[in-house]
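Please look at the sequence and the structure below, and then read the briefing that follows.

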Amino acid sequence: MDESEYQLEIKKLNRELRRVKKDNELLRIANDQVSRTQAYIQKDITQQIFYINQLLKSSPYLLILTNHQLQTVMTSDMFFRYETRYDEDEIKRGIPLSLALANILPGDLMHDLLSNCYQVLKGESIEPYLVRTYIAGQKYDIQISIMLMKQKNEVFGLNILFVNMTRMVEAIEQSQHADRAKSNFLANMSHEIRTPMNAIVGMSEFILRDSDDPKAKTHASMIRSSAKTLLSIINDILDFSKIESGKMEIRKSHFKLSNVIIDVGTLMKIKVLEKPIQLILDLDSTIPEDQYGDEVRIKQILINLISNAIKFTNNGSITVKIWKDSIAGDDYNYILGCSITDTGIGIKKEEQSKIFENFIQVDTKRNRKVQGTGLGLAISKHLANMMGGDVTVESEYGKGSTFTVYVTTHSDNKTPVGVITTIPTSNLNLEIFKATFTARKAKILVVDDSEINLKVSCGVLAPYKAQIECATCGAEALLKFAKTRYDLIFMDHMMPVMDGVEAANMIRKMPFGDVTPIVALTANALSGADSEYKRLGFQDFLSKPIELYDLEQVLRRNLNPSLIDAPDPEEHDEMLKVNETGSDAAPQESPAAVLTSRLIDINVGLRYCMGNTDFYKKMLDIFASSSHMKEINELFSSGDWKNYQIKVHALKGVALTVGAKALSDIAKEIEQAVKVGNVEVAISHNSELNDVYEDTIALINSGDLAISSE
């Protein structure tokens, strides 16, 4: 090889060496990059493992990861708070799910869990579900969620999440308990208030029907009107609860617009006369007289708005303007509107948005003498909304306000209401309900543990000339039913020992009991009470105080048509007389000056007896001859607190009816305590109840009560 060839070969080798060095450098760089990537990946994996471990350690939930065979792969640390038999390594090596959760879920719950897990592994979806279990004797409500662990289409196992819902469930249960307690309270309150109201309304009806004294009839009419106003206030309180619970209902029926105006005017007359203000009516005479809507709720809104205007107007006028607006393309439905404009104190602009809120009264410093709950406007707005309308306000502070309400109504009859220039108050003021039929052959049983309620019930049934019998308890009703086949039974609900529902169920099992109509007669007037009593087996429902029109409709619906006769126009109703059926005479006598003692407030007793001294004396005699405390003491001795509370409740009401306020007050205290389970109050106060009762009876029997006529 010559030198030139040698040099050429060296050059080739040098080029190859440089290429190898370059490749080596590239390999080194690539190797470094791989090392850095591996380090990054390792660091990321380490971080992910750290994060997962931290998540599992800090998670407040119990989480279990399993493989296809439902063996554990990993758990959150919360698992080890409930299960101490296994450690983390054992869990990672794999423990059957049924063993891992043996101390957490009992047999039935475990069976359901495994079944759900297999369904999820098959591709089915299982919604999270709630179970109640006991761990170490402590109750737990746990929500279980089961999900697949998969990447792309490959399934690795299950992710099972246990969430402790105990506090939330307890909160819900407490809320439900509070709601039930409130409903029970409202039912009891309704019963407590409506029971004496039944007597007031019923006795005023008797005076209107039986008296020939125009002055007495006028006073009785005002009593009836005021009693109905009080009932509307009671209804406001009940309505607020219904609104809160979502149970408020709109009940539509046919009514006459003129009757609404007259009824509202009658109720407002008393309030208007208390101030130097004028009530003006501006009525669109073309509005149809016949309407279809919720008459009661429409009147309630108008009464609330007009009462509100009277409350904040010291002089001047209140103008009630009523109009209608057509709905495009609709010949039967339209907007019925009403504005109430007053010359009162007005409302500040910044406070106008607050007045429809619950329990809100604005400008309280200026209006500190004005009483109210702040519910009327809120309820009115809600009712209007439910009837497809609204309530709005425009006001200028110091000059007056205008409240505008509109609702959607319906009318098939276009006959106009006609011209009414003033709000009438007298057309119906002395209206006396006339029975449209008699039922002389009908045998009716009235069951009620209240002597006064029996008298009222028998009194309002008197015009129908039916054969009426009374029973003071469920057991007596059963005995009477065993001897007599009645055509209709009115059954009170709240009675001691055997309540109305139990008595009705027992009657159903007796001969002819399954074909005898039984009507629930109760002071429970909460929304839905009628459907609830029908669900309990009653054919119909009649609330106290008894509305005479409603009573007649109940009789028509439930009496066999063959028992209904046309009334004899020549026959006049007889005065009520005390007899074995429980009806009572009511001579028209006025009370004289009354004596109020520590034990008996005669004024209260006379008020409940419509100022009739003979009737009051009869009630005192009935009360003094009763055996209230004997029954109460027997229940007290046996520890039968349920019936003890019912009997004390009855004593409380009856005592107040005859004016025995001291006795009524202590009975009320004991009843309320026992109702919430505090029987210690009864144990410590029952002897005092006996002493006050005996002193009261002794005072009645002594003849020292100064009850006399003018």
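On the other side of H12, which residues are exposed? They are Leu479 and Lys483, where exposed means over 50% relative accessible area, buried under 20% and partly exposed in between, with a 1.4 Å probe and protein chains only. This is a predicted model, in which local features need pLDDT of at least 70 and side-chain atom pairs count only at pLDDT 80 or more, while totals for chains, interfaces and linings use all residues. Residues are numbered from 1 along each chain as its sequence is written, and side-chain values use heavy atoms, leaving out hydrogens and water.

**Helix H12**

- Helix H12 covers residues 474-483, and its buried residues are Gly474, Ala477, Leu478 and Phe481; helices (H or I, at least four residues) and strands (E, at least two) are DSSP runs, numbered from the N terminus.
- The buried residues of H12 pack against strands S13 (443-447), S14 (467-471) and S15 (488-492) and against helix H13 (500-508), contact meaning heavy atoms within 4.5 Å.

**Salt bridges**

- The count comes to 15 salt bridges, each being a side-chain nitrogen of Lys or Arg within 4 Å of a carboxyl oxygen of Asp or Glu.
- Arg28 and Glu25, which both lie in helix H1 (residues 3-58), three residues apart, meet in a salt bridge at 2.2 Å, N to O.
- Arg132 forms a salt bridge with Asp141, with the closest N and O atoms 2.7 Å apart; Arg132 is partly exposed at 35%, whereas Asp141 is buried at 3%.
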